[in-house]
Amino acid sequence: MTVDIKTAQGTTDYNAIVVGAGFAGLYMLHRLRSSGLKVRVLEAGNGAGGTWFWNRYPGARCDIESTQYSYQFSSELEQEWNWSERYAAQPEILKYVEHVIERFNLRDDIQFNTRVESAVFDEASARWVVTPTEGKALTAQFCIMATGCLSSTNLPHFEGLESFKGATYHTGQWPQQGVDFTGLRVAVIGTGSSAVQSIPIIAEECKQLTVFQRTPNYSIPAYNAPLTDEERDRIKANYPAIREFGKRQFLAYDLQMNEKLAADATPEEIRAECEKRWRLGGLYFYGAFADLLLDEQVNQTIADFVRDKIKEKVKDPVVADLLTPKSIFGCKRICADTNYFETFNRDNVLLVDVSKEPIAEITPTGVRVGDRVYEVDAIVFATGFDAMTGALNRIDIRGRGDLALREKWAAGPRTYLGLTTAGFPNLFTISGPGSPSVLTCMITSIEQHVEFIGDTIDHLRAKQLRLIEATEDAEEAWVTHVNEVAAGTLLNSCNSWYLGANIPGKRRVFMPYVGFPPYVEKCNEVVANDYEGFRLGAA
Ligand code: NAP
């Protein structure tokens, strides 16, 4: 495909186009504007917030504490915003997003209801031509994909789905006006984080809930609670130290990490630490021992502790056994819940195991497994996302020589630092594959990427350079390194979305980079060594 630049005539030309108005796109806009750039953000939704705009399912709530899962680039913002709960619910996060937009006067530079269809690098003009599904193409020197890691929903193929007479929903595309399940028989398909959060709420509201589970998940009670004025004041007074400490942590936030090895601990010490983690709740369990995701025997000892807790919560031993995961603890992201396992003690909740016999079809009135049709009025697909690459591959992105990113990545994504990919000059990906992203507190990772990109663009402008592009060699070395680091952990030992294993036909490659501090160190080294691994050019 060649780009006729004339098709872009009459359109507005920008210094930078940012695709997506989630946390990444909003801060990117603010950062580039502060350098004096003319920026346009293109957003598919009719509002900002990215993942928090689309995932409005009942019970949607962040599993990282609000005082860590928030921007840190502005101390004024930190001080003026009051989080109401330990873990913010989706509506509160969206209010925060709106506040940020107003406070930094971002709205006028965001074009809503604009889904990008293609982004093509025109070699003659060295500019990106970004074309939405409707409306005019825009051109810019830099194109920044802030399209999110979990924004392309996965709806698996179910025979007969179109024949279903009731309503269907995907947790990742929840109706803005909400859904009333009162008096209805509801099916939830999937038992990942989204299902674990929504199932307890839907069960309370609906007449009958049937949950179709293929793989059970580890979930730890979140112990969400309101934040008191004293707690908020204490955090606000200590924000700089809290943030600095967080950035030095492997997952980019304070997990109260225990640096000890379970392999060196007595069974009593392991039990005591697990009890402590259980009380801390949610993802704090990742911080139990430094070898939790390195040593399979240690992992299974800790998994046994959690399995016993699950069995204590569920009254029916058959259901309890079905809900108990057998896999590596933490290999799939662990969930943080409120009353998830307890919900299966309710009379109106039924668990259907589809691990051995999959869902055969959706009929006009229900979900069939084997000979039995489970009659339902509504189906909720909590079936996850085509993670990390899905949103990028949905856009026809073309670089030098008309190379399509989809083709380049057919055997798995290839990036340098998760920020750039060879053959695609002046294109950046925020929290792209090969960066720590989904293994960290996303906002902290996003801020690091935005600042890297902003500083890089400042550098190019100061040196009167027009182009930056990763070299093939640097990319090759980075891809190898990302794989080697993951291979040293237990993280790639199960069918997780980190590996793309949830999408039929997707090449299995462990996509995120394990370890925030070494990643940041590498980025800083690259800059200090005059953008080592990049080719910088005048034209
Ligand atoms: P997910 O973890 O990928 O879970 C999808 C679920 O759907 C899995 O249980 C999967 O089973 C099931 N499934 C998929 N295809 C199926 C089929 N054909 N038949 C039956 N079951 C099927 O997706 P998610 O729950 O939306 O979560 C994705 C990620 O988003 C999380 O890991 C987390 O990082 C993030 N998230 C965070 C929060 C939070 O902050 N609290 C909340 C929600 C999501 P298998 O496991 O067998 O594939």
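These legends describe close-up views of a predicted model. Local features need pLDDT of at least 70 and side-chain atom pairs count only at pLDDT 80 or more, while totals for chains, interfaces and linings use all residues. Residues are numbered from 1 along each chain as its sequence is written, and side-chain values use heavy atoms, with hydrogens and water left out.

View 1. Helices (H or I, at least four residues) and strands (E, at least two) are DSSP runs, numbered from the N terminus.

**View 2. Polar atoms at the ligand.** A polar contact is a pair of N or O atoms within 3.5 Å; within protein, one must be able to donate a hydrogen and the other to accept it, and residues adjacent in sequence count only if both atoms are side-chain atoms. A ligand oxygen atom sits 2.6 Å from an N or O atom in the side chain of Lys332. A polar backbone atom of Ser193 is 2.9 Å from an oxygen atom of the ligand. For Gln197, an N or O atom in the side chain is 2.9 Å from a nitrogen atom of the ligand. The protein covers 87% of the 910 Å² of accessible area that the ligand has on its own. Accessible areas come from the Shrake-Rupley method with a 1.4 Å probe; for residues, only the protein chains shown count as cover.

**View 3. Gln197 in helix H5.** Gln197 lies in helix H5. Its relative accessibility is 13%, so Gln197 counts as buried. Buried means under 20% relative accessible area, exposed means over 50%, and partly exposed is in between (1.4 Å probe, protein chains only). The side chain of Gln197 also makes a polar contact with the side chain of Tyr57, at 2.6 Å.

**View 4. The open five-stranded sheet.** The strand order is E7-E16-E8-E9-E12, with parallel pairing. Strands E7 (167-170) and E12 (349-353) stand at the edges, each with a single partner strand, so one side of each is left without a neighbour in the sheet. From one strand to the next, the twist averages 20°. Axes are lines fitted to C-alpha atoms, for helices over the stretch in contact, and angles run from 0 to 180 degrees between N-to-C directions.

**View 5. Strands E8 and E16.** Strand E8 (residues 185-189) and strand E16 (residues 378-381) run parallel and are joined by four bridges. Two strands pair if DSSP finds at least two bridges between them. Val186 stands opposite Ala378 in E16.

**View 6. The hairpin of E14 and E15.** Strand E14 (residues 366-369) pairs with strand E15 (residues 372-375) in the antiparallel sense, over four bridges. Val369 stands opposite Arg372 in E15. Two residues lie between the strands, and Gly370 takes a positive phi near 60°. Glu375 is also in strand E15. Glu375 is partly exposed, at 39% relative accessible area. The C-alpha atoms of Glu375 and Arg185 are separated by 7.5 Å, although the two residues are 190 residues apart along the chain.

**View 7. Two loop residues with positive phi.** Asn339 has a phi near 65°, a positive value in a residue other than glycine. Asn339 lies in the loop between strand E11 (335-337) and helix H10 (340-343). Its relative accessible area is 43%, so Asn339 is partly exposed. Ser437 has a positive phi of about 25° and is not a glycine. The loop that holds Ser437 runs between strand E18 (427-429) and helix H13 (442-462). Ser437 is buried, with a relative accessible area of 0%.

**View 8. Glu475 in helix H14.** Helix H14 (residues 472-487) contains Glu475. Glu475 is buried, at 0% relative accessible area. A polar contact of 3.3 Å links the side chain of Glu475 to the side chain of Thr421.
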